[in-house]
Structure formats: C-alpha cells, structure tokens
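Hi everyone, thanks for coming. Let me put the structure up on the screen, and then we can walk through a few spots together.

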Amino acid sequence: MPHHTPLIATIVAGLVIAFIMGALAHRLRVSPVAGYLFAGVIIGPFTPGYVADADLATELAEIGVILLMFGVGLHFSLKDLLSVRRIAVPGALAQIAGATALGLGLALILGWSVVAGLVFGLALSVASTVVLLRALQARDAVKTERGKIAVGWLIVEDLAMVLALVMLPVIADLVNGAVSDGSAVARLLFVTLLKVAGFIALMLIVGKRLIPAGLHWVAHTGSRELFRLAVLSIALGVAFGAASLFDVSFALGAFFAGMILGESQLSRRAAEETLPLRDAFAVLFFVSVGMLFDPAVVVEQPWPLVATVAIIIFGKSLIAYLIVRAFGHPNETALTVSASLAQIGEFSFILAGLGTGLGILPPEARDLILAGAILSILANPFIFSLAVGRAPVRGSGVREVAAPATPASPTGHTILVGFGRVGRLIAAAHSGPGKFVVIETRTERTEDGEPRGLIFIEGNAADPAVLEQADIEQAARLLLAIPGGFEAGAIAQNALALNPAIQIIARAHSDDEVAYLKKLGADHVIMGEREIAARMVSLLEAT
Ligand code: AMP
C-alpha cells in the first residue's frame, strides 16, 4: 500500500468482515451479533493474519454509542426519565452494590486484593449500552414501561461509572501511598458531581432553547444536506463537548443532546437521519469487542471464567429481578429489565483498562472481564428469548380492543398489516366486528385512534409466528398496508406458505416493488404514486 492508512483499513476490515460473518450468522440462523464478534476475533491480535488497530476500533465504536444514545434521547422526555427514577435510582445502585459484592467475593477467593476485587466487581456490574438498546429496539420496547425502566437504570449506571472512572486514579494513589489524605477523594467526588450537575443544567436551560431553534432554522433552509449535518453536529458535538469540558461520558452527553430535541417536531426526522450511520457504527462496536478477546483465557482460567460469567448472567439478573419485583412491577417487566442487564460491555473494558494501567487490577482480572463480556453478549439474545419470548413478538401478544362481540378466533377474516396513514383509513372505512385483525409493530399506533371492533396484534408481520397468531390459516384476505414493498414481499411469502389460498392486496411505491410483489404471488398491488398521479390527471381533465 502506498500510504499508511490505519483508520481506513480498520473501518473497511471491520465492516467487510462483519458483513460476511453477519450474513453467515443469518444463514445459520444465529444472532448476527455472534457474527460481528467473531469478525472482531478474526481481525484481532490473537488470531493470525491481518490485525486491525484496536484503539481506532474502540474509538469508532464510541461513535456508535453516541449515535445510539442520541437516538434513545430523541424518544425520551425528561418526564419519562423522571417517571422511572423511583425504581431506576435505587435499583441500579442496589444492583451495582450486589454485583460488586459478588465480584469482590470471587476476587478474594482468587487471592486478589480488596481494591482489585472492588474494581473487578464494579466492572461486572455495568451493562453495555449498545447491547441493551439493540435488544430493546429489536422488540420495539424502548418506549414501553419496561424499556423506560431499563433505560433509566442504564443512565444511573452510566452516572455511577462516570464517578468511578474519575475517582479510580485518586483511589489508586491512596492505595499506593502516593497520597495519604482521604479528603482528596471527597473533594474530587464533589467536583465531579458539580460538573455533571453543571452539564445537565446547561443543557436543560440553555441547550433546550438554542439547539431546537437552531435545528428549526436549518430545516427551513430546505437543504437536506445541511439538516443532516446539523443533526450529526448536535449529536457528536454535544457528546464530545460534554466529555471534554464536563468529564461526562459520551453516552450521557449524547443522551441529553437527543432528549432536548425530543420534544421538537423535527425529532423523528432527526432520528431517521442518524439511523444508517448509527447501525454501521454499532456493528463496529461488536467488532471492537471481539478484537479484545484472547481465546487463551478459556484454557488458562476456565473456572474463574465460569464464575465470572455466572455472576454477569445469573447473579446480576437475579438481583435486578428481585428489585423490580420488590417495587411491585409485574413479572414480565422484571424479566425484561433483568435480561437486558445480564451482560457487560464498554464501561467494563474502560474500567478494566484503567485498573490494570494504574496497577490496582491484576491482568488476569482484565482477561476475565473481556472474556466475560464477549460470552455474556453472545448469550444475551438467548437469555432475552428465554425471558421474554422471541424477538419481534412483544410480551402482551393479542390484545382485543373494546370489542365484546369479536370472536377470539375469527375465520374467513381479513388481516391488515400496518396501522399507519394507509391502514388506519382502510380500517375506518371497513370496520365491523370480527372483520379485521391488525398487525402493527408500534404499540403507540395501536393505542391511539379509535380502533373499535378490531383485534390488534403487536409484532412484526414478517415473523411467521405473528402471522400464526393472526390465524393466517383461516384468513381469507391479507392487506399489506406498509410502505416497504420488499418487506411486504417477505410477509407475502410467509403468508402464502401458511395459507396458499389467501388473497393478497399489497401497497407499493415503485415499479420494482410492484413487479416483485406480483412475482411472489400478490393478487393486487397498488402503487401509491401511480394512484396519486391518476387522481391528479382526472382532476386536471375535469377542470
Ligand atoms: P404508514 O406508512 O403511515 O401507512 O405506516 C405504516 C405502518 O406500518 C407503520 O405504523 C408501521 O409501524 C407499520 N409496519 C411497518 N412494517 C411492519 C411490519 N413488518 N409488521 C407490522 N407493522 C408494520
């Protein structure tokens, strides 16, 4: 290569190998995350062949964390955050204390010092933002009560880690005898808390006025490119500023940047603009984790590794489960919250790196943390499925809405997929008891409107299990009222496999989609733009 281009090489190798491994994982029907992690192992330093730059990969992963947290902030209001504080604050603190105690116990058995045990335990107590948010997003559960508790919990953990990271060097000095005055610790704690409070106040008072106003101004210029740039500048700029000026984590900074935009009309567009980048960088997060994994630890410390993984997966989740139940929340909420926290990630690596760097954590502890992270991230999709059911199907399943006369298992019925601009109009024009079963991914869509006489199923219609819930075998018609024609094609294919006689009417927005849907067996395909044009022409001719 003529130039030394480690950044480009890392991005390219990370994305390309992750793509190949992700596609392979898809074929083998395992979680794509396993593929991304494995891609990281392949380009990591512990396997032969090309070795990507681990530091650069970690930095790129941070961008993923920033964009993810920004996206979550966009869907969150201060009210949401405050509404879960009663459970999230004590819950997260109790869980951190419990998990740290378990980690300390293991450390003492292994003969490490108390301080090493505390750092080790702390590293095991914090969940990864990326893993948690992806699991919730796959189930469209971020905005549900369970999701809000999990996100609130994450924010508290994040704040606790900000404090831990700042305090660790001072504690190391104290342990090594470099300083003997305990008041230095108290002073630092106070200053750090003051900075965090200063950042939050600045965002809520000044940022809340300036940032949405700025974005509105940009939106009115009509330039898409400028709007996109503005959104990225806000997300990355605030996160970076928060980290460098206020010592707040990137994740927390980005969350607040998103939250103050959340109430603006433009938040949905802002979320859409960051989506592709967010997904690409979140993939790099998993690759960077895989790169850190040294397979030797499995052979060298098998039992400590088993104990570490057990603390992360069972110890932590049991504590979380008990706390959520103790606060009187239903079983389902407790299971979701504990499953989403049964893993560790980026903060644990930072703590482990800092701890070993300062000489207060033995290197074998760092290896256990890294291996524990990769194993718990790999196990997370299974744990989630065990706890709360398969990915796109969300807990409550079938929900009948104000329809006493509706039969529980209708036959010869119509299944309507999508309850948005199009589906809503269809249902309004044709509603009658037992006539429609509506499948919709987004809870809030099924809640608003006046869906009398309809049976609602929350879930992704592309999942055959959801179609079966809608009694597809007995249905007469399937209306695909979703904007993505290719996604609709996948639904049509699954539907026809379950009920070859079903009549399918689909919506499309391009000629390619029309051809594709027809080829897959849709009886009628309505192309939105063509209908609009036809109506305009008829009006033109009438005048
Ligand atoms: P609109 O484009 O406004 O008609 O909205 C389309 C609706 O379809 C939205 O409410 C989406 O949440 C919903 N939707 C999109 N894809 C699916 C899917 N695969 N399964 C169920 N609902 C979906």
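On the surface, I8, V12, V16, F19 and I20 form a nonpolar patch, with about 480 Å² of accessible area together. Patch members have over 30% relative accessible area and no salt bridge, and nonpolar side chains (Val, Leu, Ile, Met, Phe, Trp, Tyr) are joined within 5 Å; a salt bridge is a side-chain nitrogen of Lys or Arg within 4 Å of a carboxyl oxygen of Asp or Glu. Areas come from the Shrake-Rupley method with a 1.4 Å probe, with only the protein chains shown as cover.

This is a predicted model, where local features need pLDDT of at least 70, side-chain atom pairs count only at pLDDT 80 or more, and totals for chains, interfaces and linings use all residues. Residues are numbered from 1 along each chain as its sequence is written, and side-chain values use heavy atoms, leaving out hydrogens and water.

V16 is found in helix α1, residues 6-27. Helices (H or I, at least four residues) and strands (E, at least two) are DSSP runs, numbered from the N terminus.

Now to the strands. β5 (residues 477-480) and β6 (residues 503-508) run parallel, joined by four bridges; strands pair if DSSP finds at least two bridges between them. L480 has A506 as its bridge partner in β6.

Four bridges also join β6 to the parallel strand β7, residues 524-527. Which residue in β7 is the bridge partner of A506? That is V525.

Last stop: D247 has a positive phi, near 60 degrees, and sits in the loop between α10 (224-246) and α11 (250-262). Most residues other than glycine have a negative phi.

Technical notes. Patches are made of residues with over 30% relative accessible area and no salt bridge: like charges are joined within 9 Å, nonpolar side chains (Val, Leu, Ile, Met, Phe, Trp, Tyr) within 5 Å.
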